[in-house]
Structure formats: C-alpha cells, structure tokens
Amino acid sequence: MFSTVGWPMWALLILFVCGLIIIIKGGDFFVDAATWMAEVSGIPHFVIGATVVSLATTLPELIVSCLGAARGSNAIAIGNAVGSVTANTGLIMAISILCVPAVIKRRQYAFKSILLIAATAVLYLSSFGNHFSVIGSVVLLLVFAVSMYESIQSAKTESQSGEKKTFEKKELPQNIIKFLFGAAGIAVGADFLVTSATEIARTSGISEAVISATIVAIGTSLPELVTTITAIVKKQSSLSVGNIIGANLIDIAIILPICSFVSGGRLVALPQNLWIDIPVCLFILLVAIVPMLIKEKFTRIQGAALLAFYIAYVVVICLFNPFPAG
C-alpha cells in the first residue's frame, strides 16, 4: 500500500472509484481465463476456483496483512485476514447463494470445508497467550499443504474422467495474458480501494481494529466479490463457491503463519480478535458449511441468515464495540 495521508477528500474518492473500475475489469478477465482453464483441462470449476483463482484473489489480503505485521500493526495483520474470511462467507457467499441457490456434490466440498473449520479452530486456540504460537503456525501450514495435495489429486482424477474442450493454439497466450492482467488488476484495484477507504475512515476517528475487520477486510475481499459476481453472471456458481472456500483456507492457513514469521514471532491477537472477530468467523463458517454438507445444497434461507449475521457483526463492532482501544 502507498500513503494517502494528507490527501483531500475529493482525491480519495477519485482513487476509490478508479480502484473499483480496475478491480471489476480485472475480475472479468480473471474469471474468463479461469473458466477456459477448467474447460480445456477437464478439471472441475470447483477445483480451479479453490486453487488457482483463490491464490490470485487472496493476493490483496496477503500484501496488506504482511505489511501490517512488518510494521508492528497486529490489528491490520490479524483483523484483515480473519475479517476477510468473515466477509467472504457472511457477505460474498451469502450474495452468491441468494442469487444462485445451488445443488452441490458433497465429495467435492466436504474435505476442504472440514479443513477450513479445523484451521479456524486451530487459529483460535493458537491466539491465546503472549503471541501467536509457532506450533499453531506449523499446524496451519500443514493444513494448507494437505488441502493443496487433495486438490492436485482431485484435479488428476477429474481431468482424466472429465470432458476436455478443444482449443486453438492462439487461445493459450491470450488466456494467460488475460489471467495475469486480471490478477494484476484485482491486486492494484484492491490496493487503491483499501488505501483510500482506510484513510477516509481514519479521519472519522474509527479504531484500527474496527477498520481492519470491516473496511480493510471487505476491501481486500473485493477480488472474491468481483469474481463471485462475474461467475454468477457467467453461470459458473461452482467456480465462485470454490474460490471462496479456497480463499478462506489461504487467509487462515497461509497468511497468518506468514505474518507471524514476518513479525518475528511478535504477532499478538487483540481482545477484539479473541472475543469477537475469530468466534464470529467460526460461527459464520459453521452456518455456511454444516447445512450444505448435510443437505448437499445451498438455499436462499441460508444465504439470508449468513448476510443477517454478518450485518449484525459489523453493527456490533462499529457501534457497540466493547474494545475501543483496539
């Protein structure tokens, strides 16, 4: 991120709009390229969404959280990563489910979903004490490694049995360029949005912990939101859900351990993180995942419940936050 301290309000608003335009176009390129990859490889859209797309759309969270950790800002490092998971699930997945209720295959979603809940529980237990524990970081990295291994095995199995789309040679460089430009646009656009929105919020006297868990978290989750909306428009709902679950796993199992190492073992969870942010994150994940695994479908009622819980969470920490010093 770059500094916008001292910028006039009109300049911040222009930066915000520019970021929004860049990220929307980047998301369009990105989903097109990812969908093409799935079609020509025979790999299911869910697997592509949970791996390639997720790794790219979580770049903003990684950059913002690592910068926060390096600068000694635990609020930004932890609040952004955890807040992004909460926003991805309670806001973005909720929108996706409300727009396109979907029937799913349990075998495609179950393993990663259970890993995600387990990783969040490990994060919570590792956050008590003087600092985020080294053992917790190692366990989370192992969880991510297991997730990637399962994705690779699924990709091999499904690509052998799936139908592959034939393509012309010129389509390969075209889609690689679209993928790279899309990822870059998403990252740059998110940076513009987060930087401008954070500065606007800070001039209003909002605490850094609240900013990181709401504005920064939603801002860095915009790639997932744009990817989700674009996927819905293009009728690729499995790509959308796969992206959200994969992105959540990366936020929890990769970004926070890296932040812990970057901070030199000084990453400490704030009271707001311990007693509000992480418990709410875990609760919203359970609301999203458990009914889906039981019924093998997402319903609009489930989407409405997720959105209602997320709105309630934002209202509580913004208006009734018991930890204002955070």
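These legends walk through several close-up views of a predicted model.

View 1. Read along the sequence, the pattern is α-α-α-α-α-α-α-α-α-α-α-α. Of the 326 residues in the chain, 55% count as buried. The views that follow visit some of these helices in turn.

View 2. Look here for Lys-112 and Glu-150, which form a salt bridge with their closest N and O atoms 2.8 Å apart. The pair links distant parts of the chain, with Lys-112 in helix α5 (residues 106–126) and Glu-150 in helix α6 (residues 134–161), 38 residues apart. Is this pair buried or exposed? Both Lys-112 and Glu-150 are buried. The count of salt bridges in the model comes to one, so take your time with this view: a Lys or Arg side-chain nitrogen must lie within 4 Å of an Asp or Glu carboxyl oxygen to qualify.

View 3. Staying with helix α6, we come to Ser-151. At 3% relative accessibility, Ser-151 counts as buried, because the cut-off for buried is under 20%. The C-alpha atoms of Ser-151 and Phe-111 are separated by 9.9 Å, while the two residues are 40 residues apart along the chain.

View 4. Thr-120 has its place in helix α5. Its side chain reaches the backbone oxygen of Leu-116 at 2.9 Å. With a relative accessible area of 1%, Thr-120 is buried.

**View 5. Helix α9, wrapped by the rest of the structure.** How many of the twelve residues of α9 are buried? Ten of them are, so the helix is largely enclosed by the rest of the structure. The buried residues of α9 include Leu-222, Pro-223, Glu-224, Leu-225 and Val-226. Also buried in α9 are Thr-227, Thr-228, Thr-230, Ala-231 and Ile-232. If you like to check geometry, α9 (residues 222–233) should span 16 Å at 1.5 Å a residue, and its end C-alpha atoms are 16 Å apart, which agrees.

View 6. The structure holds four aromatic pairs. One of them is formed by Tyr-310 and Tyr-313, a tilted pair at 6.1 Å centre to centre with 50° between the planes. Why "tilted"? Planes under 30 degrees apart count as stacked and those over 60 as edge-to-face, so a value in between falls into the tilted class. Tyr-310 and Tyr-313 are three residues apart in helix α12, and are therefore separated by about one helical turn. An α-helix has 3.6 residues a turn, so residues three or four places apart point the same way. Both Tyr-310 and Tyr-313 are buried. For a second aromatic group, find Tyr-124, Phe-128 and Trp-275, which form one cluster.

View 7. Which residues make the nonpolar surface patch of about 480 Å²? They are Ile-311, Val-315, Val-316, Leu-319 and Phe-320. Val-315 lies in helix α12 (residues 300–319). Val-315 is partly exposed, with a relative accessible area of 33%.

View 8. Glu-296 sits in the loop between α11 (271–295) and α12. Its phi is near 60°, a positive value in a residue other than glycine. Glu-296 is partly exposed, with a relative accessible area of 28%.

View 9. Start with Ala-94 in helix α4 (residues 74–99). Ala-94 is buried, with a relative accessible area of 0%. The C-alpha atoms of Ala-94 and Ala-305 are separated by 8.1 Å, although the residues are 211 residues apart along the chain. Then move to Leu-193, which has its place in helix α7 (residues 171–202). Leu-193 is buried too, at a relative accessible area of 2%.

Conventions
Residues numbered from 1 in each chain as written. Predicted model: local features only at pLDDT ≥ 70, side-chain atom pairs only at ≥ 80, totals over all residues. Heavy atoms only, no water. Helix = DSSP H or I, 4+ residues; strand = E, 2+ residues; numbered from the N terminus. Buried < 20%, exposed > 50% of the residue type's maximum accessible area, 1.4 Å probe, protein only. Patch = residues over 30% accessible without salt bridge, like charges linked within 9 Å, V, L, I, M, F, W, Y side chains within 5 Å. Areas by Shrake-Rupley, 256 points an atom, 1.4 Å probe, with all protein chains shown as cover. Expected span 1.5 Å × (residues − 1). Phe/Tyr/Trp six-rings, centres within 6.5 Å; stacked < 30°, edge-to-face > 60°. Polar contact = N/O pair within 3.5 Å; in protein donor to acceptor, adjacent residues only side chain to side chain.
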